Amino acid sequence: MQALARASRGIAAAVRPSAMEAGHGGQLQQQQVRGIVVQVRDGNLDRALSIMERKMRSSGMERLIRARTHHHVKDSEKRVLARKALMQRVRSQELGKKLREILIKKIRGQ
C-alpha cells in the first residue's frame, strides 16, 4: 500500500489550501482539485488511507500505477482486462441503440 501511495503522488494532486493567498484585495484564490481527494478526520490516518485505497481501486488508478511500475502483465490478466473492455463496449453500444430507438419513436410519434 505504501508503494501505491508513493507512486500516486505523481498522479493525484494534493490540495493545500493556504490561508493567506492574497491575490486581489485579500480574496482567497480557489485551487483546482484533480485526482483523488481524501479528508483525514480526527487524525485517523489509517481510515483515510483505506478510503483512498478503495477510491483508487474503483477509479482504476491502481491499475494505472501498477502498469507504470510493472511492465510485465500476465497473459491471464491481459485476457481478463480485454474481456472487461469488450463487455463494456458491447454494453455501451447496446445502450446507444436503445436510446436511438427511443428518440426515433418519440420523433415519429409526435
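This is a short walk through one predicted chain, from its overall make-up to a few local features.

Some ground rules. The model is predicted, so local features need pLDDT of at least 70 and side-chain atom pairs count only at pLDDT 80 or more, while totals for chains, interfaces and linings use all residues. Residues are numbered from 1 along each chain as its sequence is written, and side-chain values use heavy atoms, with hydrogens and water left out.

The overall picture, then. The chain has four helices and zero strands, in the order α-α-α-α. Helices here are DSSP runs of H or I with at least four residues, strands are runs of E with at least two, and numbering starts at the N terminus. Of the 110 residues, 12% are buried, where buried means under 20% relative accessible area, exposed over 50%, and partly exposed in between, with a 1.4 Å probe and protein chains only.

Now to helix 2, residues 45-59, and helix 3, residues 61-69. Their axes come within 5 Å and cross at roughly 80 degrees. The two helices are therefore roughly perpendicular, a label that covers 65 to 115 degrees. On the helix 2 side, Met 56, Arg 57 and Ser 59 meet Met 61, Glu 62 and Ile 65 of helix 3; contact means heavy atoms within 4.5 Å. By class, the residues of this contact are three nonpolar, one polar and two charged.

Arg 57 comes up again. Which residue does Arg 57 meet in a salt bridge? The partner is Glu 53, at 2.5 Å, N to O. The cut-off is a side-chain nitrogen of Lys or Arg within 4 Å of a carboxyl oxygen of Asp or Glu, and the structure holds one such bridge. Both residues sit in helix 2, four residues apart, about one turn of the helix. Glu 53 is partly exposed at 25% relative accessible area, and Arg 57 is partly exposed too, at 46%.

Last, a backbone point. Most residues other than glycine have a negative phi. Asp 42 has a positive one, near 55 degrees. Asp 42 lies in the loop between helix 1, residues 2-8, and helix 2. With a relative accessible area of 82%, Asp 42 is exposed.

Notes
Axes are lines fitted to C-alpha atoms, for helices over the stretch in contact, and angles run from 0 to 180 degrees between N-to-C directions. Angles under 35 degrees count as roughly parallel, over 145 as roughly antiparallel, 65 to 115 as roughly perpendicular and the rest as oblique. Ala, Val, Leu, Ile, Met, Phe, Trp, Tyr, Cys and Pro count as nonpolar, Asp, Glu, Lys and Arg as charged, and the others, Gly among them, as polar.
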